[in-house]
Amino acid sequence: MLDALTLVTGVAALLIAAWCGWAAYRDQPTKDWHFIGMAVVTLLALVQLVVGVVQLARGEKPAQGTTIFVAYLLGAFACIPAAGFMSLAERTRWGSVTVAAGGVVLAVLEVRLYDIWGG
């Protein structure tokens, strides 16, 4: 795994969590700008997924097992889009809370991916 990519993705996830948390604090739903931010974080997670799969295809192995690593990669990729879709269903401040929670979950998944790979 690329440590820098894992770090950038985790920091971006925390930034979107803070931004949407601030919107929830101000009693606002997710707005178009939030969805652009979510798209950027999702793109980072997609790049990480591709890099992880390529490294596995090249024969590199995570320290704690390939199956769990792939499961965490897929979960990390799906985390923010799932929270974004849920926030569309809930067009109140709770939609923003959902995305903020998804950002925190993604940051924790990034730490776990680092550990699984052998960091």
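**Exercise 1. In this predicted model, determine which residues of helix 2 meet which residues of helix 4, and how the two helices are oriented.**

Solution.
Step 1. On the helix 2 side, the residues are Met38, Val41, Gln48, Gln55 and Leu56; their partners in helix 4 are Val99, Leu106, Glu110, Leu113 and Trp117.
Step 2. Sorted by class, this contact of helix 2 with helix 4 has seven nonpolar, two polar and one charged residues.
Step 3. Helix 2 spans residues 32-57 and helix 4 spans residues 93-117; their axes come within 13 Å and cross at roughly 20 degrees. Because of that angle, helix 2 is roughly parallel to helix 4; angles under 35 degrees count as such.
Step 4. The crossing in which helix 2 passes helix 4 is left-handed.

**Exercise 2. Determine how helix 2 and helix 3 pack, and which residues make the contact.**

Solution.
Step 1. The axes of helix 2 and helix 3 are 10 Å apart, and the packing angle is about 165 degrees.
Step 2. Angles over 145 degrees count as roughly antiparallel, and helix 2 and helix 3 are therefore roughly antiparallel to each other.
Step 3. Helix 2 passes helix 3 in a crossing that is left-handed.
Step 4. Helix 2 contributes residues including Phe35, Thr42, Ala45, Leu49 and Val53, while helix 3 contributes residues including Phe69, Leu73, Phe77, Ile80 and Pro81.
Step 5. By class, the contact of helix 2 with helix 3 has 17 nonpolar and six polar residues, with no charged residues.

**Exercise 3. Describe the packing of helix 3 with helix 4.**

Solution.
Step 1. Helix 3 covers residues 66-89, and its axis lies 9 Å from that of helix 4, at an angle of about 170 degrees.
Step 2. Helix 3 and helix 4 are therefore roughly antiparallel to each other.
Step 3. The contact of helix 3 with helix 4 has 16 nonpolar, seven polar and two charged residues.

**Exercise 4. Compare the span of helix 2 with the expected value, and relate the helical segments to the UniProt annotation.**

Solution.
Step 1. Helix 2 has 26 residues and reaches 37 Å from its first C-alpha to its last, which is close to the 38 Å expected at 1.5 Å a residue.
Step 2. Just after helix 2, Gly59 has a positive phi of about 100 degrees.
Step 3. The unreviewed UniProt entry annotates residues 33-57, 69-88 and 94-114 as "transmembrane region".
Step 4. Residues 33-57 are 100% helix and 0% strand, with their end C-alpha atoms 36 Å apart. Residues 94-114 are likewise 100% helix and 0% strand, and their end C-alpha atoms are 30 Å apart.

Notes. Residues numbered from 1 in each chain as written. Predicted model: local features only at pLDDT ≥ 70, side-chain atom pairs only at ≥ 80, totals over all residues. Heavy atoms only, no water. Axes fitted to C-alpha atoms, helices over the stretch in contact; angles between N-to-C directions. Helix = DSSP H or I, 4+ residues; strand = E, 2+ residues; numbered from the N terminus. Parallel < 35°, antiparallel > 145°, perpendicular 65-115°, else oblique. Left-handed = near helix turned anticlockwise from the far one by under 90°. Contact = heavy atoms within 4.5 Å. Nonpolar A, V, L, I, M, F, W, Y, C, P; charged D, E, K, R; others polar. UniProt positions renumbered as here; feature names shortened; annotations may be inferred. Expected span 1.5 Å × (residues − 1).
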